[in-house]
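I opened this notebook to record what I looked up in the structure shown below. The entries are kept in the order in which I made them.

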Amino acid sequence: MELILPPKLADELRVLYEDMEKAYDGVARRLGHSCDGCPDNCCDSYFLHHTYIEWAFLWQGLSALPEDHRRVLVSRANAYELEAQKLIARGKRPKLMCPLNEDGRCSLYTHRLMVCRTHGVPASMTRPDGKQLKFPGCFRCQELVVDQGFAEHELPLMERTELLQRLVSLEQEFLLGKRHIAPKVKRTISAMLIGGVPELPHCSDRTGKC
Ligand code: SF4
Ligand code: SF4
């Protein structure tokens, strides 16, 4: 596997991802929520992702796949982006299956991004400016909340603030403290596949030894 992230950062990102899963599972358990048997598949949601570190970790997973498989995924990503841009130009929000989804399953499950790990259950977060945001969760979770008659103050919520702060801190470390000058990342998973391993603007050695 190509070493794209310094091992320490890759380990810390894995721990963060595990913590996200624990937080998600805790809320899902309290609601009795599961994706099993859902008629929908959220992997066709149009999401943008914002960190170099997750982009690099995704490529660390991709680099471990056989060349042929990787080529198929990148080719699917190209088709996705073409179609997505056409829809966006017509003022529509794309609803297209993620190129990494194969037969309903994520082909890079261990390397999927934060949004893939947090989407679904009701959640809350506090923005840096202090504004509190609440997310109701997917339609199945919203039905469960209504069926079980949760009062608003009892509603189990996945608290995202600390998890996001940790991601930002890992991103800052990956960018050697230069996050403020790095071009903003605003990419679909497809665009991350097409873009290849992210080039860090200030550093030619991606393992962070420079
Ligand atoms: S998150 Fe909700 S809508 Fe999405 S697949 Fe799971 S149950 Fe279905
Ligand atoms: S990366 Fe995996 S989990 Fe995330 S949208 Fe794509 S297929 Fe689904």
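This is a predicted model: local features need pLDDT of at least 70, side-chain atom pairs count only at pLDDT 80 or more; totals for chains, interfaces and linings use all residues.

The entries below concern helix packing and then the surroundings of the ligands.

**Entry 1. Helices α1 and α6.** I recall that two packed helices are described by the angle between their axes and the distance between the axes. I looked up helix α1, residues 7-31, against helix α6, residues 161-174. Their axes come within 11 Å and cross at roughly 170°. Angles over 145 degrees count as roughly antiparallel, and α1 and α6 are therefore roughly antiparallel to each other. On the α1 side I listed K8, L9, E12, L13, V15, L16, D19, M20 and A23 as the residues making the contact. On the α6 side the contact is made by L163, R166, L167, L170, E173 and F174. Sorted by class, the contact of α1 with α6 holds 10 nonpolar and 5 charged residues, and no polar ones.

**Entry 2. Helices α1 and α2.** I then turned to helix α2, residues 52-63. The axes of α1 and α2 come within 11 Å, with a crossing angle of roughly 100°. That makes α1 roughly perpendicular to α2. From α1, the residues in contact are L9, A10, L13, R14 and Y17; from α2, they are I53, E54, F57 and Q60. I recorded 6 nonpolar, 1 polar and 2 charged residues for the contact of α1 with α2.

**Entry 3. Helices α2 and α6.** How do the axes of α2 and α6 cross, and within what distance do they come? I found that they come within 8 Å and cross at roughly 80°, which makes α2 roughly perpendicular to α6. Y52, I53, E54 and A56 of α2 meet L167, L170, E171 and F174 of α6 in this contact. The residues of the contact of α2 with α6 divide into 6 nonpolar and 2 charged, with no polar residue.

**Entry 4. Ligand 1.** Which residues are around ligand 1? I listed H33, S34, C35, C38, D40, C42, G120, C138, F139 and R140. By class, this shell has 5 nonpolar, 3 polar and 2 charged residues. The space that ligand 1 takes is the largest pocket.

**Entry 5. Ligand 2.** I found ligand 2 surrounded by C43, C98, L100, N101, C106, R112, C116 and I189. The shell around ligand 2 divides into 6 nonpolar, 1 polar and 1 charged. Ligand 2 sits in the largest pocket.

Terms used:
Residues are numbered from 1 along each chain as its sequence is written. Chains are lettered from A and ligands numbered from 1 in the order in which they are written. Side-chain values use heavy atoms; hydrogens and water are left out. Axes are lines fitted to C-alpha atoms, for helices over the stretch in contact, and angles run from 0 to 180 degrees between N-to-C directions. Helices (H or I, at least four residues) and strands (E, at least two) are DSSP runs, numbered from the N terminus. Angles under 35 degrees count as roughly parallel, over 145 as roughly antiparallel, 65 to 115 as roughly perpendicular and the rest as oblique. Contact means heavy atoms within 4.5 Å. Ala, Val, Leu, Ile, Met, Phe, Trp, Tyr, Cys and Pro count as nonpolar, Asp, Glu, Lys and Arg as charged, and the others, Gly among them, as polar. A residue is near a molecule or strand if one of its heavy atoms lies within 4 Å of it. On a 1 Å grid over the protein atoms alone, a cavity is a set of points where a 1.4 Å probe fits but cannot get out, and a pocket is an open set with protein on both sides within 12 Å along at least five of seven lines; lining residues have an atom within 4 Å of a point. A molecule sits in a cavity or pocket if more than half of its atoms lie within 2 Å of its grid points.
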